[in-house]
Amino acid sequence: MVHFYKKTHTYDEYPPTPLLAFFLRYPNPFARHVLCVDVLSRTIDPHTGQIRTLRLILKRGLVPAWASKWLPLPSGSGGRGLDAWVLEESVVDPPGWGFDGTPEEVAAKREEARRRREKSKGKMKEEDEESYLSQPRLKSTQGNLSHKKFMHVVEGAELCSGREGTTLHHTTAEVRSQFGGSWGKLIRDKIESYGANKLPGNTDRAREGMSLIMGLLRRREKGQPTDTPEPPSA
């Protein structure tokens, strides 16, 4: 059974700073499991101004004791660490993206913004709708390339303008396992439940890391020191 997850976080910033922090978020002390990040490609569409980026990320996660006998653990990980390559694809829409395109495309974007405002049940105003269409927006997906049969986690993210000068960070995820064939349903359910139960904590730490990077960007803009502080001990 596939497990689904979603959460929305709000940053008290217009989108440009959170979007920059998204690409600068590694390394940070809340993401010690990220070992390295490589940019495979980055292109700019000359017609739309969209920036498309493809990144390869190496992560190391802890494996529960009951699963360690099925997975290849690296000798330098302390016995329970598992390395996995993750592919991240992202698209950044430039400022004013909601007003570019054919009349039909612009109308569809305005309809999307209107539905978002209606869905907010009065929390978003008409000026927030205009800000959503005029501020830059980022959408990304990432999924593990390694150990997909054991557990495949696909995460989606959208950073877009919210109400009153904020940025909304929408996160979605789905966890599935194809381990064990027809006889392994109980094992697959246990694997998927384990992965799904870790998502809330992982999301909270990711937001802390983003907030840390945004704070460093603000200090750099003011010419202040940008030494990275250690996170509080658990």
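**Salt bridges: a quick chat**

Mentor: Let's start with arginine 115, which is partly exposed, with a relative accessible area of 46%. Buried means under 20% relative accessible area, exposed over 50%, and partly exposed in between (1.4 Å probe, protein chains only). This is a predicted model, where local features need pLDDT of at least 70, side-chain atom pairs count only at pLDDT 80 or more, and totals for chains, interfaces and linings use all residues. Residues are numbered from 1 along each chain as its sequence is written, and side-chain values use heavy atoms, leaving out hydrogens and water.

Trainee: Which residue forms a salt bridge with arginine 115?

Mentor: Glutamate 111, with the closest N and O atoms 3.7 Å apart. A salt bridge is a side-chain nitrogen of Lys or Arg within 4 Å of a carboxyl oxygen of Asp or Glu.

Trainee: New topic: how far apart are N and O in the salt bridge of aspartate 93 and arginine 137?

Mentor: 2.9 Å. That pair links distant parts of the chain, with aspartate 93 in strand β4 (residues 81-93) and arginine 137 in strand β5 (residues 137-144), 44 residues apart.

Trainee: Are they buried or exposed?

Mentor: Aspartate 93 and arginine 137 are both buried.

Trainee: How many salt bridges are there in the whole structure?

Mentor: The search finds 18. Asp93, Glu112, Arg116, Arg137 and Glu158 are linked in a network of them.

Notes
Helix = DSSP H or I, 4+ residues; strand = E, 2+ residues; numbered from the N terminus.
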